[in-house]
Structures are given as structure tokens and as C-alpha cells.
Amino acid sequence: MAKDENLPLFTTKLAKGRILFQFYSLLIFVGICFIFVYRLSHIPAKEEPRRWAWMGLFFSELWFCFYWFVTTVVRWNPVYRNTFKDRLSHRYEKALPGIDIFVCTADPVIEPPVMVINTVLSVMAYDYPPEKLSVCLSDDGGSELTFYAMLEASRFSKIWLSFCEKFKVEPRSPEAYFRTAVEPLGEPVMAKDWSTVKMLYEDMKKRIENTTKLDRISEEISKEHKGFKEWIFVASRRDHQTILQILIDGRESKAMDIQGQTLPTLVCLSREKRPQYHHHFKAGAMNALIRVSSRISNSPIILNVDCDMYSNNSMSVRDALCFFMDEEKGNEVGFIQFPQAFENLTKNDVYGSSLNVLMELEMPGFDGNGGPCYIGTGCFHRRETLSGQKYSKIYKADWKRWSNISVDDSTSVLEETCKVLASCSYEENTQWGKEMGLKYDCTVEDVLTGIVMQCRGWRSIYFNPERKGFLGVAPTTLLQSLVQHKRWSEGDFHIFASRHCPFVLGYKRIPLKLQLTYCMNLLWATNCLATLYYVIVPSLCLFRGISLFLEITNSWVLAFVFVIIVHRAYSLGEFVWFGGTFKGWWNDQRMWLYKRTTSYFFGLLDYILKRLGFTNSAFVITTKVADDDVSQRYEQEVMEFGTSSPMFTILATLALLNAICFVSGLKRVIANVETLVWEQFALQILLCGLLVFINLPI
Ligand SMILES: O=c1ccn([C@@H]2O[C@H](COP(=O)(O)OP(=O)(O)O[C@H]3O[C@H](CO)[C@@H](O)[C@H](O)[C@H]3O)[C@@H](O)[C@H]2O)c(=O)[nH]1
Ligand SMILES: [Mn+2]
């Protein structure tokens, strides 16, 4: 036993096959060197008309190489983590710290209340002492429908939590459970409960979905909850006071499930909104939650999830604690990021939303290079880290003290005192949004906040358990996906171009390899320039009869062909290795092109316009539901164009341009078969043809 005391709570393993990757990198590197030798020794003379077009190509290629270098740094050293939860509970079961769980929602139409409460129920049902869990929902929409759903959920939790506890079910979102689990016919005890609970769930779901008008919400509920009138009153207005309700107070003896087990605390918050105060989107909501929860439970660990990211693994809290509570390495850990995984992906993933390579390889790479970025959901934070504290070598977490915090105020007193903390003017002349809490004024508040925390000395950890910790909803139309990436690329570039740039803020604070790793995401937007150049200029030159590339019989061609083939083959291999299909990879290539020519382009443009003071960027919330016909097309993997958008104008123009150039190029070659013109244009025609081929869905 004495021996066990000294064993670590987690281990770190280096990825296998790194030698192979290094060999591949070497091959590409040599190929690139050849390309540059060719480029530098063949610069067209001043009087040649193609000189400028040629220079552009050269610069694009320089960019591609730089970006390749960055992605290679990311992949150099991936690490994978493992936890020992049995050691954790052996040592600390009695002294486990409190956990505050924040769920954010903002719009009852595109984030349906049923989805929101499924997320809430799933995190209430963690395998963890319930008196130490507090779940707090922030509703930026101030919706009475969501609130009503939460009331229903608070009642249903009494049945659901005891069912989960009794039969150890997984996952603990009722919707996901009843959709995926098979009826336990072999176990009569469970089967009986199963059908009762399922029926109760379906009933509740029906009540919530049918409640579109206020007067249909049951009288009984509005009597039981005096605060309900307040929500109804508020919901019809865009500006309103803070409303806050403690739906279940875990400290009260009433708060029990049907088996007499304590229930977690459950709070519903909609912060004050006034037109004259900026509400700062999700970051503002999170900061209000940090303050409010500090009064209610003040737990040292905070988990934050988006309203569509239900918990798929009831052990995640314990997993996270293995990192925070490790005696040797735990103190410097500021946050633990779980991957974003999605439950609504189709086999070949038309919109390339699976993020598989990012989550299975690039994030472990981040971790190996110094710590993953914070990606906004499925992340456990130390309260101190999130509140702006710096890490110091003498810092030591005091878990004993935190494990028995008690608040004496009664529920109603608490509600009143907490409201002040979520009022509009509370942050005036404070450091909130700057030094404290999540940072404001960036559309990827998460990544920015993560960098700042790392630069304050905290380490972050990436943990990707076998059974996924959280499952969310990926966009189901092309436009949604492109708009989401526009928000990300714009925000990321904003960080790069600000004083929070990893090379500036991170200088001497985080390792150089981590600074470079950040570039992979932060420079998404600038990728558009080289890509747009490559898809437009060679095709136009083909149309005009200007030969840009070298003749196909020239032996320097080999260097280009070699790099392109090896590079793409590696990418295909990687994609398939992490669970993709060949068709999925092809779709991903198409999305790669589309994102670079539209999302990133508009992201960059918007950033520039914003800097010049023309626009203000907003947070466009990603839709999480789809009409029946839209979801049907999604299931069939047919690309959905939906409404018109400038993004589509660009895509269509590019596709058309390449089609025309391709045809005219072919014509030119056929007309001059004898003169060997085709040798000069072969590569251009090939590129153009590839673009036409990839654009077939358009
Ligand atoms: O004014 C707002 C706007 C959004 N949200 C919530 O923020 C979350 C994320 O919004 P979503 O539209 O789902 O964005 P995604 O693109 O899916 O989000 C990713 O990227 C965001 C940064 O761009 C991060 O904040 C998210 O955590 C991360 O999942 C959702 O729960 C929203 O309800 C608010 O609470 N208030
Ligand atoms: Mn989302």
C-alpha cells in the first residue's frame, strides 16, 4: 500500500511510428529543395510576359512550404495520456473536490430545449458524489421555453439519475441512451425500469416539444416555481434584468432522487442584457457563470460544455482529476481539454467535419509540444487559472480545504445576491474580459484564453479516452460549415495579428515549438491567398495561352510530381489510419479547397474591414437542428447548398472559370497537336482538370 501512494495518477506515452514520419518528412524536404533549386535557377527574364505570374506561383509555393513545415512541427512529437482512476479513488475518494459544470445556450430555435436538457442531464449523472456537483445553465436567449424544459429536467433527474446509478448505463444523455441502447430483455429487473423510464422520458419530451405557446405550459409548474412568471415576462424582450433560479439546491434535504440519493445542484441563469452594454457572447456568459458559481458552490474545478455536447462517458470527471490531483505533476496543470467528437457524422463525411486527424493526431502533437489549445467545450479548468491567476513554482492545490466548502445562505438569499454578479454594469471598470475570466473581443475567445493561460505558466493536457468524453453536433449543410470556419479563421488570425500572437506574448513564456504549433490554426486565414492564386492564375494563363509550368518532358517535373504524390499519399494514409474512408478523404480534399477559397478569404477580409473600422464581427451561432429534407440529404451525403450566399458565388465562379479554361486549353492543344504545344500546357491542363473534377458537385 505504501508503494501505491507514490505511483502517479497518469502516464504519458510517445506515439509509435515516429521514425516513419521522420523519414517521410525527410523525403518531402529533399523534394522541396529540388523544387527551389529549379525555381531559383529558372526565373523568367524581365521581358517575358509570364514573369509576374511566375513570381506569384513561386511565392505561393514558399507559403505552402512554410505551412508544411508548421504541420510537420505539429506532428513531430505526439503524446498520448492514460489515467488510473482506481488509484485516485483509493487515495482521495473522501476528499474529492467540488466540480462546477457550465452549459451555455443562446437560442431556443437553433438549439432546441430538448437537446439542452439532455446535455444537462448527462452531466448531472456523472459517476461522482452528487453533493459535489453543481450544474449551471446559462441561457443567453432568456427563453421561457428553455427554462420550462429545465424545470421538467429537474423533475425527471430524480428518476434518471437513480436509473443511471442503479444500472450503470452509458451514455447518460437519455435521448442518446434510448436511441443507442438495446432493450435489456435478458434482465427482468432492469427491463421493467427501462420501459418506465423510457416512457416518462418520451412523455416529457412530448410536453416540451409541444410547448410553443406560453399558455400551454402547465399551471401546476408555474405555481410551484414563483420565478417562472419572471422568465415569461422577460422572454418577450431583448433587454432584461438578470434572472436566476436555483432549481435544485443540493444542500437541501428535499433534493433527493427516488432512491433517496442526493441530487446535484442545478441552476438556471440568464444574465442581464441592455443595448448600451456589449454582452460579449459566450465569453460574457462564461464570466457571469464564473462569478455566480463562486457564490453558490465555488468549486475549484470548472467543466465547460456547449449545449450540444453531452457527456458520453460518466468517468470523465474522475479522468480529469487524475491530472489535476497527481502529486508530482498535477499542480502546474491549468486545464484539460477533451476532443470534440460528433455523433451525427455520415460514413464519408461530405463536409469534412469529423476533425479526426485534428483530434487524434494534431492535438496530441500540440500536447507533446507544450500543451493543447483550449477549444471551448469539453474542457476542465482550475478555477484559479480561469480567473486570471499566474502559476508559480510554490503553488500547491489545497484539495482538503476545497472538499468541505459550505455556504450558509438560504436558496432565496443566494438567488438575490447572485443576481448582482450577473448584471450588465458589474464588469464596468473591472479586469473581467481582460485579465480575469475568458477574454473578450475575439470570435475564438477559447483559443485566445488558452494562449494567455499558457503564457501565465500553466500547463495544459489533452486527454482522449477510448470511450469519447463528449459528443456534439456537427454542421449539416455546406454553408453552416463554411460560416463556422469563417468565424474560426477570422478569430484565429485576429489573435495572430494582435499582441497576443504566440511569438510576441509567448516569447520566452512558452516553447518555440508550441508557438509554431499555434500557427497551424492561427494562420488558416492567410492560407487563402496562395490557394486562390493557385486555382485562378494558372487556369487564366491557360486560357490566354501563357505557359506557366515547365514542359512535362522536363526532368525537373519529377521533383514536383514526387512531392505532390508523396504528400497526398501520406495525407490519405493518415486520414484512413484515423478511421476515415477513401471517399471521405476525397470529400475532405474538396472541403479543404472550399474552406480556403471562401471561409478563410472572408475571414481575412472581415478581419481587415474590422481593423479599418467598417464592420463589427459577431458570433454567428451554429445551427444544431435541420429540417427533415435537409437531414435526409445529409444522410444520403448529397451536398446541400440551401440559401444563396456570397460564399457560393465564389465557389460557383471558380468552378465555372476552371471549366471554361479547361475546355479552351484542350481546344488549343488539339488544334496544335503537331507543334508539341501540349508538352508546355500539360501540367496546367492537369491542374485545371483536377479542379473541374473536384468541383463536380457544384
Ligand atoms: O452569444 C452567445 C453565442 C453563443 N453562445 C454559446 O456558445 C456555444 C458555442 O456556439 P456554437 O454556435 O455551437 O459554436 P461552434 O462553432 O460549434 O463552437 C466552437 O467554437 C467557439 C468559438 O468560435 C467556441 O466558443 C465553442 O466552444 C466551440 O465549440 C453554444 O453553446 C452557444 O449556445 C452563448 O452562450 N452566447
Ligand atoms: Mn457547436
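## Domains

The domain assignment divides the chain into domain 1 (83–474) and domain 2 (510–694), with bounds taken from an automatic or database domain assignment. This is a predicted model, in which local features need pLDDT of at least 70 and side-chain atom pairs count only at pLDDT 80 or more, while totals for chains, interfaces and linings use all residues. Residues are numbered from 1 along each chain as its sequence is written, and chains are lettered from A and ligands numbered from 1 in the order in which they are written.

The C-alpha centres of domain 1 and domain 2 are 38 Å apart. Their contact involves 32 residues of domain 1 and 28 residues of domain 2; two residues are in contact if their C-beta atoms, placed from the backbone, lie within 7 Å. On the side of domain 1 that touches domain 2, H11, helix H13 (356–368) and helix H17 (445–455) each contribute at least two residues. The largest share, six residues, is that of H13. Divided by class, this side of domain 1 holds 15 nonpolar, ten polar and seven charged residues. Here Ala, Val, Leu, Ile, Met, Phe, Trp, Tyr, Cys and Pro count as nonpolar, Asp, Glu, Lys and Arg as charged, and the others, Gly among them, as polar.

## The eight-stranded sheet

An open sheet of mixed pairing is formed by eight strands, in the order E5-E6-E4-E3-E7-E11-E9-E12. Helices (H or I, at least four residues) and strands (E, at least two) are DSSP runs, numbered from the N terminus, and two strands pair if DSSP finds at least two bridges between them. Strand E5 (243–248) and strand E12 (459–462) stand at the edges with a single partner strand each, so one side of each lacks a neighbour in the sheet. From one strand to the next, the twist averages 20 degrees.

Within this sheet, strand E7 (residues 301–306) pairs with strand E11 (residues 379–382) in the antiparallel sense over four bridges. Ile302 stands opposite His381 in E11. Helix H6 (residues 144–167) packs on the sheet, where it touches strand E3 (99–105), strand E4 (133–139), E5 and strand E6 (265–270). The direction of H6 makes about 15 degrees with that of E5; axes are lines fitted to C-alpha atoms, for helices over the stretch in contact, and angles run from 0 to 180 degrees between N-to-C directions.

## The three-stranded sheet

A further open sheet, also of mixed pairing, has three strands in the order E8-E13-E10. Strand E8 (310–311) and strand E10 (341–342) are its edge strands, each pairing on one side only. E8 and strand E13 (residues 470–472) pair in the antiparallel sense over two bridges, and Ser311 has Phe470 in E13 as its bridge partner.
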